[in-house]
Amino acid sequence: QMLEQVLRELQPLCTTEQQFIEKFFQLSQDPADPQVLEVSVRTMSSPVPLAKEPTTRLLSEIFSCLEPELRGFLDVCNKVHPFGSLQVLVTLSDSIFEMWGSSSALPSSFLNTILGNMLLLAKSSFNKCIGTLCKEIEEAKMPSKMKGGILSSVSRFEEFVNFSEEVFRTARRRGELDKAHLRLAGSVFSSINSLSSANLKVNTDMVMMENFHHIHCFLCQKKIHCLEGKKREAKQRYSEHMEKYVIKYLGQPLEKLNHFFEGVKARVAQGVKEEEVSFQLAYSKQELRKVIEKYPGKEVKRALETLYRKIHKYLSPEENLLPVVWHAMEQEFIRQYQEFEDLIQCCYAGSGIAMDFTMKDLLSYFNSITQSN
């Protein structure tokens with residue numbers, strides 16, 4: 001607000017002074033003269049030197065302290081808040097656009113030049129702020145023996161996006177912000193990807209699943225056009241890591257059965273006929289019966305209950321992913337069960353061998369666990 005006030009008061013002051021000088025000293029100014037400097041906000045790429053025509057030279061002497069004072073003031077604005085450079089950039093951009101769109105007397109070309117240089121300075125400060133934040137996100141240290149939940153880098157990204165969207169809500173242009181959003185999103189994705197299992201007390205896929213899910217939900221809520229691609233990527237990564245997490249943890253309740261049937265599939269893949277698999281010593285009917293005996297229905301249900309408690313313990317309640325993950329586990333378990341049944345039918349036909357629990361039993365186990373929790 002203070003910066004807006006300063007800029008509002010500068011314009012009539014400089015314009016009036018310029019008009020007085022031109023009238024008093026009888027200095028004409030031809031707008032077509034290439035020496036007359038007009039700063040284009042759209043194409044600025046480097047500081048613009050002041051044109052040395054008489055009016056500007058006089059104004060430069062009268063207002064010699066203006067540019068150093070403005071630079072000092074912008075420095076103060078940037079230090080007041082960690083993201084102060086965003087507010088400075090928006091305020092300056094909007095003031096310059098407003099000045100150029102004003103129906104009143106043409107703004108001073110001298111002031112245009114000064115404000116153009118200030119805008120370049122603001123853009124530079126903004127880019128430095130984004131660079132520092134990207135580095136902070138990428139180099140964020142994982143808490144020692146982290147147990148899961150949302151990473152500090154993800155929270156920092158959200159904090160910036162929320163603040164910047166509010167600041168730019170009424171801004172005339174947001175090109176700089178869109179570029180910043182994409183840079184920061186790249187940094188936060190890189191930060192999640194660099195998770196090392198050595199630093200985690202829990203499954204890495206679980207933490208990555210939760211954080212990508214969190215980012216996806218956040219971006220769905222914010223509806224930022226330039227981040228649509230990142231939103232889709234976050235959803236894809238969340239799905240990938242949930243699948244890995246489910247498959248890794250599901251092997252545990254029926255570990256020996258999984259191991260046995262993986263061996264059966266490997267023999268078939270190597271060219272052993274399905275009906276001849278049972279003649280292999282390690283995969284005989286007797287060996288299959290031994291493995292099946294280790295998994296009576298009651299034990300399987302107990303193993304699933306233990307698994308549910310373990311998932312419940314480590315998944316962060318804020319994300320509310322437990323029902324989604326548990327349903328995915330149920331689907332994967334049913335798929336595995338069906339696969340085991342099919343392999344028994346193909347490779348051990350007529351043996352009368354069957355698992356101790358049926359598909360109906362399996363569904364009832366999952367149903368009772370879900371209802372009781």
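**Entry 1: H241**

I began with H241, which I found in helix α9, residues 228-250; helices here are DSSP runs of H or I with at least four residues, strands are runs of E with at least two, and both are numbered from the N terminus. I noted that the model is predicted, that local features need pLDDT of at least 70 and side-chain atom pairs pLDDT 80 or more, whereas totals for chains, interfaces and linings use all residues. Residues are numbered from 1 along each chain as its sequence is written, and side-chain values use heavy atoms, with hydrogens and water left out.

I recorded H241 as buried because its relative accessibility is 5%; buried means under 20% relative accessible area, exposed over 50% and partly exposed in between, with a 1.4 Å probe and protein chains only. The side chain of H241 makes a polar contact of 2.8 Å with that of D205 (a pair of N or O atoms within 3.5 Å, where within protein one must be able to donate a hydrogen and the other to accept it, and residues adjacent in sequence count only if both atoms are side-chain atoms). Apart from neighbours within four places in sequence, H241 is in contact with D205, M208, M209 and F212, contact meaning heavy atoms within 4.5 Å.

**Entry 2: R335**

I then turned to R335, which lies in helix α13, residues 322-347. R335 is partly exposed, with a relative accessible area of 42%, and its side chain makes a polar contact of 2.7 Å with the side chain of E332.

**Entry 3: α5 and α6**

Next I checked how helix α5 (residues 109-138) sits against helix α6 (residues 152-167), and found that their axes come within 9 Å and cross at roughly 155 degrees; axes are lines fitted to C-alpha atoms, for helices over the stretch in contact, with angles running from 0 to 180 degrees between N-to-C directions. The two helices, α5 and α6, are therefore roughly antiparallel, a label for angles over 145 degrees. I listed I130, L133, E136 and I137 in α5 as meeting S153, R156, F157 and F160 in α6.

**Entry 4: F157 and the chain**

Leaving out residues up to four places away in sequence, I found F157 touching I137, H181, L184, A185, V188, F218, L219 and L227. Finally, I noted that the protein chain has 14 helices and zero strands, and that buried residues make up 47% of its 373 residues.

Note on methods
Angles under 35 degrees count as roughly parallel, over 145 as roughly antiparallel, 65 to 115 as roughly perpendicular and the rest as oblique.
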